[in-house]
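Here is a friendly walk through this model, from the contact between its chains to the packing of individual helices. Please keep the structure open beside you as you read.

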Amino acid sequence: MRVNVTVNGSEETVDDVWEGESLLYMLRERMGLPGSKNACEQGECGSCTVYLDGVTACACLVAAGQAEGREVRTVEGLAEGQPGDERLDPVQQAFVEAGAVQCGFCTPGLVVQAHDLIERTPEPSDAEIREALAGNLCRCTGYEKILDAVRLAARRKAAPK
Amino acid sequence: MASPVRTPGHVAAPGSGGVGDSPPRPDGALKVAGEFAYASDLWMDGMLWGATLRSPHPRARIRSIDIGPALATPGVHAVLTHEDVPGQKLYGQDHTEDQPVLAIGEVRYQGEPVAVVAADHPEIARRAMERIAVGYEVLEPITDPRAVIADPERLKVQPLGGVTRYQPVRVGDVDAARALAEVVVSEEFEVGIQDQAFLGPEAGLAVPAEDGGVDLYVSTQWMHNDLAQIAPCLGLDASQVHMTLAGVGGAFGGREDLSVQIHAAMLALHTGRPVKMSYNRYESFFGHVHRHPASMRYEYGATGDGTLVYADVEIVLDGGAYTSSTRNVTGNAASLGVGPYEIPNIRIDAYGVYTNNPPCGAMRGFGAVQACFAYESMMDRLGEVCGLGPLEIRRRNAVSRGSRLATGQVIDSPAPLAEMLTRLEAMPMPPACDVSDIRNLPGGASQTTRGEGVVRGVGYGVGIKNICFSEGFDDLATARVRLEVIGGEPTALVHTAAAEVGQGLVTVQAQVARTELGVQKVTIAPADDRVGDAGSSSASRQSYMSGGAVKAACEAVRAELLARAARRYGHDDLSAIGGKIVSRTAGVLGGIEDVLGGDAIEATREFHHRPTTAMDPVTGQGATHTQLALCVHRAVVDVDVDLGLVKVVEMAAVQDVGKILNRLSLEGQIHGGSAQGLGLAVMEEIVVSGGLVRNPSFTDYLIPTILDMPPMRLDILENPDPHAPYGLRGAGEPSTLSSTPAIVAAVRAATGRALTRVPVRPEHIVTA
């Protein structure tokens, strides 16, 4: 089947999609966007978290066809600026600086989910951060540095520019 | 042949930090942007998808395999069985080739690979697998390791046995010492199967090469060891198989054994096309070895004042059907079976056993984790019986520099265990549970009470872990360093085959190069087999070993640089600092770029740690470890004793790392190791019955979330090890050991339950 979808602001048409494919598979294997990760493919780990019409969702649980006519924003679409001259989003930058990245396989999903949290709740408490990120598994960090990163990003986004 | 897209490239190491600083990870920006090339992200024009048909039975004879209908499926390009393995049909770790590439006549564990398929689309491959007809004669699985020990000849899972390794340890005279003991405690313990649960699935891409060989891009922990196993099975010369490390999404021991490597290569060679394999989570639970489950019997005797007199210990580790690293895991369990305590009379019998249960091998802590839960539980019992409490009983028996381990090995570097416990004791306690916010209660937002049944408990744990490979293994690492002027600036290129699995090795390699060469710009080359063996990213060894190799290669480059500078400037009291050639007497003489000009200076060096000895097969004695590391934990828990729910409120840890190379990364290692120990304490277990895995998913195999993992307090000590580069002590594993017994001790303190099995389940807390 053919799927028309807007991904990271760009209108795309994807052909030859098998009806059983997930949005995650279509992004990763048909659209050259492997940033959303395939850690569990059963909606438990959050590593494939993307924005779907502005709401975060596990791309592995969305059928590719369900994305028809909708807007998807992936981790690759968070940085600002033109290709070749991107500036990392403050959440991405904070994850690097705070040591929240080890193997990094959970990172894209966590970055998208944390980005959404700070958009909705600019100054989240620790309890709010934990609640918002409870659906994103990380096996490396023990989460301490991830909390540090989200606090840092929230502070920077709240600071007057 | 075209190259795959998204293969790993050179990365510039950002920042300016040397050893002791915390510069950003060289791969950090790529990882947060979603642009880091993991093994499952690989893609190539014209590639096929590989899939693996696995045994549904833990033990069965294979009467027939009919691949006809599968092969006839449109879009299917190959269906291969053991008959198609081009070379040696068996492979394995440690030169124990006992594992079939694809099952031959018999399957010995649920999930054992039987056939592989290559197809245009993963769904076509999956459907083709359903059309492979395998005729099984199902046999009763052998699942009781103690029964195997009792009758190893009859209960043989495979030709090798029986018992994989029996390792005794004998010190003094335990039977005579019984008479001296005024206090005796004994207990039996069990540890369930823990999974590494790395998030990046097993994956790789195999590309046929023009010379008839194959290029592999895979996520692994030890490329050269993979290659030594792969080439013979493919019937290829070692020079025809090349490997590049694809991005690794965590490892924790689970990538030391082969997964997709030979299968993908076979399919690529057979079809002449690139083949990608990528397991899903369900398959991953069957696609790698796990932590050995353990059944342990401990008896300790002490004088009335709490001084240990003897230990009588039996440790049984179930390795599953194939050898993997069970021999070395059993050796660790034996040599570290009573932990970092001085005990004059010791009898340990450690067994690794073959069964039809899930295959087990390396996981963070490697044989030291299981025993640690038991010996720490014993110390708590003894402290209680002697009226000393958990800290004093440990301090009274703690090793220190100069003490002997159970193996007779003398600890010849700092081991300040008593001091570490005292520092732990001095750390502030978290505030009492604020029951007004339901999220603070055990069970969190799904709590159904107002906290009436919540009781706080505090517990302590101590662990000791060997660092680097032990028991006489000639452990080595290789590094190539090239210094040249790029864009007007002296730049170091560091090339090793060491696997960056998330631990931050690439960061440390760049730091070492900056410190040793006095340059700012460092580039890390992709890890591949075009440079010598780095050994495994395991045993907490890469900072020590590959760090040591990079240091040695940099020293050789620096020596040549300074020799050239000496000729140029006529001074011989030179060093390279901040990009300059500096004379002690004459100050700055010039830039490194002035000395290098258009030349490059390159050096390759191998690094070996101090040799170790084997364990005596009868007494277990020997200087078997090159380095030992200590970590101690305090855990504070709130337990809902009515509902059986546990919330870990806080963990505090003291670890001696010899020298902090990178505090940010180091803290991440201690946090992450503690979290995996928490998982083993209260939630993580592969549940097995009759040899069948009952929970192969993240829905049913639970790992800690951000709600489960509490805040941590860390106190990191730097007592240098004079034998190690920079005085460092490997730091990846120790925290995984001690957090588990600390948490269980805290739950015991809150509940009064004996809790002799991990993970602790709600029914262990609430049943009468």
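## Where the chains meet

Two residues are in contact here if their C-beta atoms, placed from the backbone, lie within 7 Å. Bear in mind that this is a predicted model. With that cut-off, the contact between the two chains takes 49 residues from chain B and 44 residues from chain A.

Sorted by class, the side of chain B that touches chain A has 21 nonpolar, 19 polar and nine charged residues.

## The two domains of chain A

Chain A is divided into domain 1, covering 3-77, and domain 2, covering 90-158. How far apart do the C-alpha centres of these two domains lie? The separation is 21 Å.

Their contact draws 13 residues from domain 1 of chain A and eleven residues from domain 2 of chain A. On the domain 1 side, strand S3 (residues 49-52) of chain A gives the most, with three residues. By class, that side of domain 1 of chain A has six nonpolar, six polar and one charged residues.

## A helix pair in chain A

Two packed helices are described by the angle between their axes and the distance between the axes. For helix H3 (residues 107-120) and helix H5 (residues 144-158) of chain A, the axes come within 11 Å and cross at roughly 40 degrees. That angle makes H3(A) oblique to H5(A), and the crossing is right-handed.

Which residues meet between these helices? From H3(A) there are A:Leu110, A:Ala114 and A:Ile118, and they face A:Ile146, A:Val150, A:Ala153, A:Ala154 and A:Lys157 of H5(A). The contact of H3(A) with H5(A) has seven nonpolar, no polar and one charged residues.

## A helix pair in chain B

Now for chain B, where the axes of helix H6 (residues 223-234) and helix H7 (residues 261-271) come within 10 Å and cross at roughly 40 degrees. H6(B) and H7(B) are therefore oblique to each other, and they cross in a right-handed sense.

H6(B) contributes B:Asp226, B:Ile230, B:Cys233 and B:Leu234 to the contact, while H7(B) contributes B:Gln261, B:Ile262, B:Ala265, B:Met266 and B:Leu269. In terms of class, this contact of H6(B) with H7(B) has seven nonpolar, one polar and one charged residues.

## A sheet and its helix in chain B

Further along chain B, three strands form an open sheet in the order S23-S24-S25, with antiparallel pairing. Its edge strands are S23 (574-577) and S25 (587-591) of chain B, each pairing on one side only. From one strand to the next, the twist averages 30 degrees.

How many bridges join S23(B) to strand S24 (residues 580-583) of chain B? Four bridges hold this antiparallel pair; in S24(B), B:Ile581 is the bridge partner of B:Ala576. Lying across S23, S24 and S25 of chain B is helix H14 (residues 542-569) of chain B, which runs at about 120 degrees to S23(B).

Note on methods. Residues numbered from 1 in each chain as written. Chains lettered and ligands numbered in written order. Predicted model: local features only at pLDDT ≥ 70, side-chain atom pairs only at ≥ 80, totals over all residues. Pairing = 2+ DSSP bridges. Helix = DSSP H or I, 4+ residues; strand = E, 2+ residues; numbered from the N terminus. Axes fitted to C-alpha atoms, helices over the stretch in contact; angles between N-to-C directions. Parallel < 35°, antiparallel > 145°, perpendicular 65-115°, else oblique. Left-handed = near helix turned anticlockwise from the far one by under 90°. Nonpolar A, V, L, I, M, F, W, Y, C, P; charged D, E, K, R; others polar. Domains from an automatic or database assignment.
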